[in-house]
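Me: I have a model open and want to learn to read it feature by feature. Can we go through it together?

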Amino acid sequence: MEERETARREIDLQPLRRILEERYRPRDHQEAQELVVGACQEAQHLYGWVPPQAAQLIAEHLGVTINRVYGLLTFYADFRTEPPGEHFLWLCHGAACYIAGSQKVVDALRTEYRLGEDGTTSDGLLTVHVFDGCLGACDLAPVAQLDHHEYIGQLDANRLRELVEELRACRRVGSNDETIE
Ligand code: FES
């Protein structure tokens, strides 16, 4: 939780400012409006989310209102306006995974873990996104992808619990005596 608070406070806007100055130079107001989504993608790529300071910088740089920036940030589900958890899990809910039982995993997630609106557990350990497309690993269905690289196949509610416990254990080892709810 503390890490998320730190993430909220410690935002170095310099890299984003540099990108905006180099690549986002609208010729008129119309073009500025069109560049907002791309600029927000740059911010999310840099920080893993779009912090309020970055949204403000984008608005000022492009000469659009902050409402316009937040209008787009909340319209597109891929944008995050909260810092992500320490780990990120894509849970595939595409056709092959659905047939193989991904709904049970989704249900377990919703009932057993207190996920915030952004899909993050209350202890800030894990951010989960249920993905209605296909992760491209149907032969492992139901499948999830951890931290953008590790596939976990034949996932069920038990394996999900084990995974969360493993991540919590790693975190405890990392912080020695930190107690996690
Ligand atoms: S539908 Fe889940 S990996 Fe293809």
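**Reading the pocket and the helices**

Reply: Start with the largest pocket: β2 gives the most to its lining, with four residues. Strands here are DSSP runs of E, at least two residues, and helices are runs of H or I, at least four residues, numbered from the N terminus. This is a predicted model, where local features need pLDDT of at least 70 and side-chain atom pairs count only at pLDDT 80 or more, while totals for chains, interfaces and linings use all residues. Residues are numbered from 1 along each chain as its sequence is written, and side-chain values use heavy atoms, with hydrogens and water left out.

Me: How much space lies in the largest pocket?

Reply: About 480 Å³. A pocket is an open set of points on a 1 Å grid over the protein atoms alone, where a 1.4 Å probe fits, with protein on both sides within 12 Å along at least five of seven lines. Grid points are joined across faces, edges and corners, and the volume is the space filled by probe spheres set on the points.

Me: Which residues are closest to the centre of the largest pocket?

Reply: Ala77, Glu117, Asp118, Gly119 and His129, out of 22 lining residues. Lining means having an atom within 4 Å of a point. The elements giving two or more residues to that lining are α5 (66-75), α7 (102-112) and β2 (126-131).

Me: What pattern does the protein follow along the sequence?

Reply: The order is α-α-α-α-α-β-α-α-β-β-β-α. That makes eight helices and four strands. The C-alpha trace spans about 55 × 40 × 25 Å along its principal axes.

Me: How many of the residues are buried?

Reply: Buried means under 20% relative accessible area, exposed means over 50%, and partly exposed is in between, with a 1.4 Å probe and protein chains only. Here buried residues make up 44% of the 181.

Me: Which residues of helix α4 are buried?

Reply: First the general idea. An α-helix has 3.6 residues a turn, so residues three or four places apart point the same way. In α4 (residues 52-62), the buried ones are Ala54, Ala55, Leu57, Ile58, Ala59 and Leu62. Their cover includes α2 (14-23), α3 (29-47) and α5. Gly63 follows α4, with a positive phi near 70°.

Me: Why does Ile58 count as buried?

Reply: Ile58 counts as buried because its relative accessibility is 0%. Now its contacts, meaning heavy atoms within 4.5 Å. Beyond residues up to four places away in sequence, Ile58 touches Leu16, Leu20, Ala39, Cys40, Ala43 and Val69. Ile58 and Val69 are 11 residues apart in sequence and 7.7 Å apart in space, C-alpha to C-alpha.

Me: What is Gln44 in contact with, leaving aside its neighbours within four places in sequence?

Reply: Trp49, Val50, Asp78, Phe79 and Arg80. Gln44 is found in helix α3. Gln44 is buried because its relative accessible area is 18%.

Me: Is Gly38 buried or exposed?

Reply: Buried, at 17% relative accessibility. Gly38 also lies in helix α3. Gly38 and Gln154 are 116 residues apart in sequence and 36 Å apart in space, C-alpha to C-alpha.

Me: What share of contacts join residues at least 24 apart?

Reply: Count contacts between residues at least 6 apart in sequence; 65% of them join residues at least 24 apart.
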